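Let's take a walk through this structure together, one element at a time. Have the sequence and the 3D view ready.

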Amino acid sequence: LDIMTHTVNTSWKGDMQFNALVSGHSVTMDASPEFGGQDAGSRPKELLLAAIAGCTGMDVVELLRKMRVDFQEFNLEVKAEVSESHPKVYTKLHIVYKLKGSNIDPAKVQKAVDMSQEKYCGVSAMFRKAMDITYE
């Protein structure tokens, strides 16, 4: 039985900076100056929010194309609540899907978003095991 795996190699670049090679693309992570970094990259935890946005966003684009929904703009805002005590984890997550275009059928958009959240987005599925996810 072949088990599919994903591997990311990450290198320390000095101070608090790290560089990860993800799918052949370089991702720089760093801390803010108050935590010993130079603010030269994203915070690792916030990249999780980008991951869920990208995952569900790609699902929605593919599903809307199949439903022949024409849109010109698509933005996602992901907000997460952070716990007060250590380890600082996300406790709740909310995603706002914003589409712009002419004659967009809201029912089709809702169906695509629901399908992404309930069936296709692996990042959402993993996060749901750890926190509540809401969306609009």
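Which exposed residues does the face of α2 turned away from its buried side carry? Keep in mind as you look that this is a predicted model. On that face you will find Ala 107, Glu 118 and Lys 119, which are exposed.

α2 runs over residues 106-120, and its 15 residues reach 20 Å from the first C-alpha to the last, close to the 21 Å expected at 1.5 Å a residue. Buried in α2 are Val 109, Ala 112, Val 113, Ser 116 and Gln 117. These residues lie on the same side of α2 because they cover an arc of only 125 degrees around the axis. The partners that the buried residues of α2 pack against are α1 (44-66), β5 (90-100), α3 (122-128) and β6 (132-135). Have a look at the start of α2 as well: there, a side-chain oxygen of Asp 105 comes to within 2.9 Å of the backbone nitrogen of Ala 107.

Next comes a sheet. Strands of a sheet pair through backbone hydrogen bonds, in either a parallel or an antiparallel way. Here, three strands form an open sheet in the order β1-β2-β3, and their pairing is antiparallel. The edges are taken by β1 (9-14) and β3 (25-29); each has a single partner strand, so one side of each is left without a neighbour in the sheet. From one strand to the next, the twist averages 25 degrees.

To see the pairing up close, follow β1 and β2 (residues 17-22), which are joined in the antiparallel sense over five bridges. Thr 10, for example, has Ala 20 in β2 as its bridge partner.

Key. Residues are numbered from 1 along each chain as its sequence is written. This is a predicted model: local features need pLDDT of at least 70, side-chain atom pairs count only at pLDDT 80 or more; totals for chains, interfaces and linings use all residues. Side-chain values use heavy atoms; hydrogens and water are left out. Two strands pair if DSSP finds at least two bridges between them. Helices (H or I, at least four residues) and strands (E, at least two) are DSSP runs, numbered from the N terminus. Axes are lines fitted to C-alpha atoms, for helices over the stretch in contact, and angles run from 0 to 180 degrees between N-to-C directions. The expected span of a helix is 1.5 Å times one less than its number of residues. Buried means under 20% relative accessible area, exposed over 50%, partly exposed in between (1.4 Å probe, protein chains only). The arc is that of the directions from the helix axis to the C-beta atoms. Contact means heavy atoms within 4.5 Å. A polar contact is a pair of N or O atoms within 3.5 Å; within protein, one must be able to donate a hydrogen and the other to accept it, and residues adjacent in sequence count only if both atoms are side-chain atoms.
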